[in-house]
Amino acid sequence: MPPTQILSVIIPTLQRARELPELVELCAEHPAVREVIVVNNHQSPLDFGRENVRVLQQEQNIFVNPAWNLGVREAVADHIALINDDVLFDPVVLDIAAEFVLKPRRGILGLEGTFINRQQATPAKLRIAGRDHISSSFGMFMCLRKENYVPVPEDLLVWCGDDWLFLQQPWPNWVLMGPLVRSEVSVTSSAGEFQRMVRRETELADTYLRQVYGTRWWHRPVDVLVAARRQRARLRSILARLL
């Protein structure tokens with residue numbers, strides 16, 4: 001049995017994702033979840049009719065990274081899950097996440113992006129994550145200890161918050177692959193008004209991330225490990241074509 005009542009789930013929303021009601025219900029019903037915090041960046045109020053769901057109503061859009069920061073400040077559990085409002089998954093994902101965060105020497109658990117929207121589940125596997133995973137939907141579901149959450153700089157509003165959290169962890173991060181996960185992917189952030197923010201925020205984030213990279217013991221060893229893993233995969237592919 002997975003541990004119970006250990007997670008505060010934080011879901012920022014602009015109410016553009018049709019998956020939101022089902023996602024909130026899925027999380028609120030899961031035994032590992034103590035509370036669901038919905039940071040509502042839209043002026044229209046939300047009410048999910050459940051005692052363990054809180055809505056933090058914003059007067060205006062504070063954007064996703066500040067919404068994460070706010071949600072974590074408000075969270076009552078010792079472990080948090082940051083989840084996009086446009087993703088749905090088999091409840092076993094929360095089972096695995098709850099067990100993961102209780103183990104020592106672990107960073108963030110995210111999702112392996114190449115497994116999203118597959119037709120069939122495969123046996124669940126965990127793998128150490130490289131920075132290339134960040135650009136592959138890692139940030140749509142991130143589970144970690146609350147004490148290891150380092151607030152995202154407030155001038156990073158939409159982009160690169162997952163990069164920041166990834167590099168700030170005291171231990172290597174991992175990805176989960178196998179269970180069913182579906183998402184339209186970036187329903188909100190793909191909108192034009194947010195795309196116009198990309199250049200400014202990525203340039204700003206590069207400054208922050210350069211200052212962070214190398215400050216954790218695992219940064220370079222994990223980069224070497226992931227590079228070697230990719231090289232082995234390329235060699236296997238070449239051999240398969242030759243044989």
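Two strands pair if DSSP finds at least two bridges between them. Strands (E, at least two residues) and helices (H or I, at least four) are DSSP runs, numbered from the N terminus. This is a predicted model: local features need pLDDT of at least 70, side-chain atom pairs count only at pLDDT 80 or more, and totals for chains, interfaces and linings use all residues. Residues are numbered from 1 along each chain as its sequence is written, and side-chain values use heavy atoms, with hydrogens and water left out.

Strand S6 (residues 109–111) runs parallel to S9, joined by three bridges. Here Gly110 stands opposite Val175. S7 runs antiparallel to S9, with four bridges. In that pairing Leu126 faces Leu176.

In a regular strand the side chains alternate between the two faces of the sheet. In S9 (residues 174–177), Trp174 and Leu176 point one way, Val175 and Met177 the other. All are buried (under 20% relative accessible area; exposed is over 50%, partly exposed in between; 1.4 Å probe, protein chains only).

## Aromatic pairs

Rings of Phe, Tyr and Trp (its six-membered ring) pair if their centres lie within 6.5 Å; planes under 30 degrees apart count as stacked, over 60 as edge-to-face and the rest as tilted. The count is five aromatic pairs. Phe138 and Phe166 have ring centres 5.4 Å apart and planes at 70°, so they are edge-to-face. Phe138 lies in the loop between strand S7 (125–128) and strand S8 (141–145), and Phe166 in helix H4 (residues 161–168), so the pair ties together parts 28 residues apart in sequence. Phe138 is buried, at 0% relative accessibility. Phe166 is buried too, at 0%.

Trp164 and Tyr208 are also edge-to-face, because their planes stand at 80°, with centres 6.0 Å apart. Trp164 is in helix H4 and Tyr208 in helix H6 (residues 198–212), 44 residues apart. Ring pairs also link Phe138, Phe166 and Trp218 into a cluster.

## Charges over rings

A charge sits over a ring if NZ of Lys or CZ of Arg is within 6 Å of the ring centre and within 35 degrees of the ring normal. The charged end of Arg106 sits over Trp174, 4.6 Å from the ring centre. Arg131 lies over the face of Tyr213, at 4.4 Å from the ring centre.
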